[in-house]
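Dear colleague,

Please find below the structure that I am handing over to you.

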Amino acid sequence: DFWEQNISKPYAEHNYNALNVLRSLLSRTAIRHSKAQTVGEGDALIALPPRTVETLLIEFGSEAERKLYDYLETKNTARFKSLRTESPSTVLGKFMELQGMLYSAR
């Protein structure tokens, strides 16, 4: 089917074009709002609870897992620094690549 052939399988194979297709589809169906938007007499468009951030430090399951994480961190840090030296707009233009780098470290 369309989803499997054009989105799911290519995305699983880390095909960058799958992200473009997905972004194109979502841009036509998703409506984005900011927290600052108001209606009526200044009431918030949507009332959100306060943000809660909780950081949990966990141990790696093995030395191999630690080495993989260290490798990804070193590689991704070097790539980010190389993008940053080009220009701020380069970093913004490579947003999806940077997202992928963060997800690979999770």
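How are H1 and H2 oriented to each other? The model is a predicted one, and in it the axes of helix H1 (residues 2-12) and helix H2 (residues 16-29) come within 8 Å and cross at roughly 125°. Angles over 145 degrees would count as roughly antiparallel and those from 65 to 115 as roughly perpendicular; H1 and H2 are therefore oblique to each other. Their crossing is left-handed. On the H1 side, the contact is made by Phe2, Trp3, Asn6, Ile7, Pro10 and Tyr11. H2 contributes Ala18, Leu19, Val21, Leu22 and Leu25.

The next element to consider is helix H3. It covers residues 63-86, which makes 24 residues. From its first C-alpha to its last, H3 reaches 35 Å, close to the 34 Å expected at 1.5 Å a residue. The buried residues of H3 are Leu72, Asn76 and Leu83.

Finally, a word on a loop residue. Where is Lys35 placed? Lys35 lies in the loop between H2 and strand E1 (38-39). Is Lys35 buried or exposed? Its relative accessible area is 69%, and residues over 50% count as exposed, so Lys35 is exposed. Lys35 and Leu45 are 10 residues apart in sequence, and their C-alpha atoms are 7.5 Å apart in space.

With kind regards

How values were computed:
Residues numbered from 1 in each chain as written. Predicted model: local features only at pLDDT ≥ 70, side-chain atom pairs only at ≥ 80, totals over all residues. Heavy atoms only, no water. Axes fitted to C-alpha atoms, helices over the stretch in contact; angles between N-to-C directions. Helix = DSSP H or I, 4+ residues; strand = E, 2+ residues; numbered from the N terminus. Parallel < 35°, antiparallel > 145°, perpendicular 65-115°, else oblique. Left-handed = near helix turned anticlockwise from the far one by under 90°. Contact = heavy atoms within 4.5 Å. Expected span 1.5 Å × (residues − 1). Buried < 20%, exposed > 50% of the residue type's maximum accessible area, 1.4 Å probe, protein only.
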